[in-house]
Each structure stands twice: as structure tokens, then as C-alpha cells.
Amino acid sequence: MLNHNPPNINLTNISLSNINPPSKYSNINLNQCFFVFDLDDTLYQKHNVVEEDRTGIENIKLYPNVREILTQLKQNNVPLFLVTKGEVRFQNEKIDRLKIRELFEQVLICEYSEEKKKLFLTLLQKYPLFTGIVVGDRLSVEIRYGNELNMLTIRLKQGKYASENPTEAIQIPQYELNSWIKLENLIKTWGKKQL
Ligand SMILES: [Mg+2]
């Protein structure tokens, strides 16, 4: 009998640090890119701090260096977008408590994770000559959709899903960083508009 099972590839054995970014991403020009950030567990720690019933919302605060890095990017006229999934009022309350709304060109809130891909695509169509850079904590959402749309994908390994491993190749980010300081260092290696 023929075996129709797909080959059993163990992605947990792939060392992400050994994967080189595609050459088109090796020298990003900050004059020609835009950023899409996730909110929960990307800009601030949601995990074990705030529950879906709003418990703990008064305790949320940005991860270290987030405000400084976003401010520097904005001052360099790099378009920044926030794309977040959740109940509109709840997400807006978090954004206002964190006082980050003014840092973004646009805040986009969707009801389902799957809608993020469509929102990413809308932004890519808005900036057809730019490189779209996605920064998020979910391999199965931001990283997957970003990769599917040929964006530069950066995983921030923090929060609830920090220990998650990719289950398919499309979930492997181009960069995997465990802090915002590392993100700042990465951006500083890119050309033209230096932070
Ligand atoms: Mg998140």
C-alpha cells in the first residue's frame, strides 16, 4: 500500500539563528519601508497581566524602549501601523491607557485573526514600492500572514507564545528577537535614515 502521509519534518530542530534573511531584506532602506505592529504581547505584556474580562487593565505598561523606538521611527517619517485583533472598545482602551495612538498613522482593529492578512494586504497596496515589515509575537498569525505576503517578518519572542515553535515552514520568521533592544539594534544596521 502506498504511503500518502507527508514527510515528517521536525521543525523544532531547525535553528532559526542559522537561517539567513533573504537577500532582498539584507539592507533595508528606512526611507522605503513601513512597519506593522501587533499590540498584545508585542508592544506590552498582556500575558498574566490583563484578562479578557478587562481584569488588570490598569496594570498594563509598554515593554522597555517601545515608546522611544516608535518615536524615533515616527520622527524619521517611517509610517507605523498598529493592527490588532480583539473587541474594539477593549483594544481602544488599551491603546489609550498606553498612550500610543498618536505614534501610528492608523490603528486597525479586527474581530478575527484571519482578517489581519487582509489588512496587511491593504497596507501593501497603499505603499506598493515599500517593504512592509511585520512585528508580532504569533507565528500562526502575524509571522505566517507576513510571510505569505512576502513581507519582512520579525518575531518578538515574548509573552504567552514565547516558547511556541513553528509547525510549518511558512511560520518561520526572518528574524527572531527576544527584546525591543534587539529590534532597535537590528534597525540600526539598516541603511539611510539611521536612528
Ligand atoms: Mg499578539
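User: Hi! What covers the buried residues of α4?

Analyst: The cover over the buried residues of α4 includes α3, β4 and β5. A residue is called buried if 20 or more other C-beta atoms lie within 10 Å of its own, exposed if 12 or fewer, and partly exposed in between, with C-beta atoms placed from the backbone. The element names come from DSSP runs numbered from the N terminus: helices are H or I runs of at least four residues, and strands are E runs of at least two.

User: Before we go on, what kind of model is this?

Analyst: It is a predicted model, in which local features need pLDDT of at least 70 and side-chain atom pairs count only at pLDDT 80 or more, while totals for chains, interfaces and linings use all residues. Residues are numbered from 1 along each chain as its sequence is written.

User: Thanks. Back to α4: which of its residues are buried?

Analyst: They are L139, V141, E142, I143, R144, Y145 and G146. That makes seven of the 10 residues of α4, so this helix is largely enclosed by the rest of the structure. Just after α4 comes N150, with a positive phi of about 65°.

User: How do α3 and α4 cross?

Analyst: Their axes come within 9 Å and cross at roughly 45°. Axes here are lines fitted to C-alpha atoms, for helices over the stretch in contact, and angles run from 0 to 180 degrees between N-to-C directions. α3 and α4 are therefore oblique to each other. For the cut-offs, angles under 35 degrees count as roughly parallel, over 145 as roughly antiparallel, 65 to 115 as roughly perpendicular, and the rest as oblique.

User: And is the crossing of α3 and α4 left-handed or right-handed?

Analyst: The crossing of α3 and α4 is right-handed. That word is used if the near helix is turned clockwise from the far one by less than a right angle, and left-handed if anticlockwise.

User: Which residues meet there?

Analyst: From α3 there are K116, K117 and F120, and they meet V141, E142, Y145, G146 and E148 in α4. Sorted by class, this contact has three nonpolar, one polar and four charged residues. Ala, Val, Leu, Ile, Met, Phe, Trp, Tyr, Cys and Pro count as nonpolar, Asp, Glu, Lys and Arg as charged, and the others, Gly among them, as polar. Two residues are in contact if their C-beta atoms, placed from the backbone, lie within 7 Å.

User: Which residues in the largest nonpolar core touch the most other members?

Analyst: F35, V36, F81, I133, V134 and V135 do, in a core of 31 residues. The elements giving two or more residues to this core are β1 (33-37), α1 (66-75), β2 (80-85), α3 (115-126), β4 (131-136), α4 (139-148) and β5 (152-156). β1 gives the most, with five residues. A nonpolar core is a set of buried Ala, Val, Leu, Ile, Met, Phe, Trp, Tyr and Cys residues joined through C-beta atoms within 7 Å.

User: What is V134 in contact with?

Analyst: Leaving aside neighbours within four places in sequence, V134 is in contact with V36, F120, E142, G146, M151, T153 and I154.

User: New topic: where does L43 lie, and what does L43 touch?

Analyst: L43 lies in the loop between β1 and α1. L43 counts as buried because there are 27 C-beta neighbours inside 10 Å. Not counting residues up to four places away in sequence, L43 touches F37, L62, Y63, V66, L98 and I100. L43 and I100 are 57 residues apart along the chain, and their C-alpha atoms are separated by 9.6 Å.

User: What about R54, what is its phi?

Analyst: R54 has a positive phi of about 80°, although it is not a glycine. Most residues other than glycine have a negative phi. R54 is in the loop between β1 and α1, and counts as partly exposed because it has 13 C-beta neighbours inside 10 Å.

User: And K99, where is that found?

Analyst: K99 is in the loop between α2 (88-98) and β3 (106-110). Its phi is also positive, near 55°. With 10 C-beta neighbours inside 10 Å, K99 counts as exposed.
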